[in-house]
Amino acid sequence: LEDLYKKLNCTDYIECGGISLKACRVAESSADIFVKTVAVSDWDVAAPGLIISEAGGLMTRLNGDSYLYSGSYKKKGVLVVNSRALLERFLKLELEF
């Protein structure tokens, strides 16, 4: 993922804690993006999703679709970004996960 961050012009890679802490880093602007490429559970992303939304960021599926809390409670991957512009740059890379 470090190569991905470089393609998006993110200068630093920070390794820290779980999903909630990483999303909070984006919310407080000490990070720009958080990408999780494996399955996540709704209960792992519900609170971080609210926090990032209140901070003005976005939490989506890896393809840019809204993260919906319906259907299976496990979904592959989550993307947390601090701006719509960064989401659009991410989506233009057309990555396969």
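At 1.5 Å a residue, helix 3, with its 13 residues (42-54), should span 18 Å, and its end C-alpha atoms lie 18 Å apart, so expectation and model agree. The model described here is a predicted one.

Five residues of helix 3 are buried, namely D42, V45, P48, G49 and I52. The elements that cover these buried residues include helix 2 (19-27), strand 1 (33-41), strand 2 (58-60) and strand 3 (74-81). Just after helix 3, G56 adopts a positive phi of about 95°.

Strand 2 contains L58. The C-alpha atoms of L58 and L86 are 9.8 Å apart, although 28 residues separate the two along the chain. The contacts of L58 and of V80 are set out below, leaving aside neighbours within four places in sequence.

| Residue | Residues in contact |
|---|---|
| L58 | I52, L79, V80, V81, S83, R84 and L87 |
| V80 | A23, V26, D32, I33, F34, I52, L58 and M59 |

In soluble globular proteins, nonpolar side chains tend to be buried together. The largest nonpolar core of this model has 13 residues, of which V45, M59, V78 and V80 touch the most other members. Helix 2, strand 1, helix 3 and strand 3 each give two or more residues to this core. Helix 2 provides the largest share, four residues. There is also a second, separate core of 12 residues, and L8, V35, L86 and L87 are among its members.

How many aromatic pairs does a search of the whole structure find? The search finds two. A pair of aromatic rings is described by the distance of the centres and the angle of the planes. For W43 and Y73, the ring centres are 4.9 Å apart and the planes meet at 25°; planes under 30 degrees apart count as stacked, so this pair is stacked. The pair links distant parts of the chain, since W43 belongs to helix 3 and Y73 to the loop between strand 2 and strand 3, 30 residues apart.

Are the two partners buried or exposed? W43 has a relative accessibility of 59%, above the 50% cut-off, and therefore counts as exposed. Y73, at 46%, falls between the limits of 20% and 50% and so counts as partly exposed.

Methods
Residues numbered from 1 in each chain as written. Predicted model: local features only at pLDDT ≥ 70, side-chain atom pairs only at ≥ 80, totals over all residues. Heavy atoms only, no water. Expected span 1.5 Å × (residues − 1). Buried < 20%, exposed > 50% of the residue type's maximum accessible area, 1.4 Å probe, protein only. Contact = heavy atoms within 4.5 Å. Core = buried A, V, L, I, M, F, W, Y, C linked by side-chain atoms within 4.5 Å. Phe/Tyr/Trp six-rings, centres within 6.5 Å; stacked < 30°, edge-to-face > 60°.
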